[in-house]
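Subject: Structure handover

Hello,

Here is the structure I said I would pass on. My notes on it follow below.

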Amino acid sequence: MISGRKLVREEIEQVWNIDRSEVIDNIYGSENGTLLLSPHHFDVPGWPPGEAEKYTPILLDCFDRGGWFHGAFDRAALVGAVVLDSKLIGKHKDQLQLQFLHVSNSYRNSGLGTQLFELAKATARERGAKRLYISATASENTVNFYLRLGCTVVAEPDPDLFKLEPEDIHLECDV
């Protein structure tokens, strides 16, 4: 049985225990706001080398400035996590960034990712945001997940976030 709760700062590094593995057959690109699907086969065995070292300080900074961290646990094992930044962004300063959303491979397609996403939307709304901003991995499964949940490709990506992840698909969703 899966249970969920807020994560404390000392638990943040456990996100790297989430099984990130997947087989990717197609990836999206974005050209003038239009999604283009291309065949690219990748067998992703887990987190890329250096990912934890690069992103742990970013997640800790997010936590320290009031970010929201929620984990899904199967007994003591963290099997899913969602992170919402606290900094309002966008032209109208009415968006919060969905900083992180991952579900372990064997827990995907169970509704857990949707539950975590909906919880992040509700939290963003409570924090005064009108939309979520998502910089998503370009894999077909990831982008289709967000599209199914009502997200749309942004017309103009946030320049700072686009600079950090130009290969990602930048999306937004009303909360």
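I begin just after helix α2, where G128 takes a positive phi of about 95°. Before the rest, some ground rules. The model is predicted, so local features need pLDDT of at least 70 and side-chain atom pairs count only at pLDDT 80 or more, while totals for chains, interfaces and linings use all residues. Residues are numbered from 1 along each chain as its sequence is written, and side-chain values use heavy atoms, with hydrogens and water left out. Helices (H or I, at least four residues) and strands (E, at least two) are DSSP runs, numbered from the N terminus.

Helix α2

Helix α2 covers residues 112-126. The expected span of a helix is 1.5 Å times one less than its number of residues. For the 15 residues of α2 that gives 21 Å, and the end C-alpha atoms are 21 Å apart, which agrees. Buried here means under 20% relative accessible area, exposed means over 50%, and partly exposed is in between (1.4 Å probe, protein chains only). The buried residues of α2 are L112, G113, L116, F117, A120, K121, T123 and A124. An α-helix has 3.6 residues a turn, so residues three or four places apart point the same way.

Strand β4 (residues 68-74) is largely enclosed by the rest of the structure, because seven of its seven residues are buried. In a regular strand the side chains alternate between the two faces of the sheet. Both faces of β4 are covered: one side has W68, H70, A72 and D74, the other F69, G71 and F73, all of them buried.

Two strands pair if DSSP finds at least two bridges between them. β4 pairs with strand β1 (residues 2-6) in the antiparallel sense over five bridges, and seven bridges join β4 to strand β5 (residues 77-84), also antiparallel. A72 of β4 stands opposite G4 and has G80 as its bridge partner in β5.

Two loop residues

Most residues other than glycine have a negative phi, and most peptide bonds are trans. β4 and β5 form a hairpin with two residues between them, and R75 in the turn has a positive phi of about 60°, although R75 is not a glycine. R75 counts as exposed because its relative accessibility is 72%.

N109 lies in the loop between β6 (95-103) and α2. Its phi is near 60°, a positive value in a residue other than glycine. N109 is exposed, with a relative accessible area of 85%.

Regards
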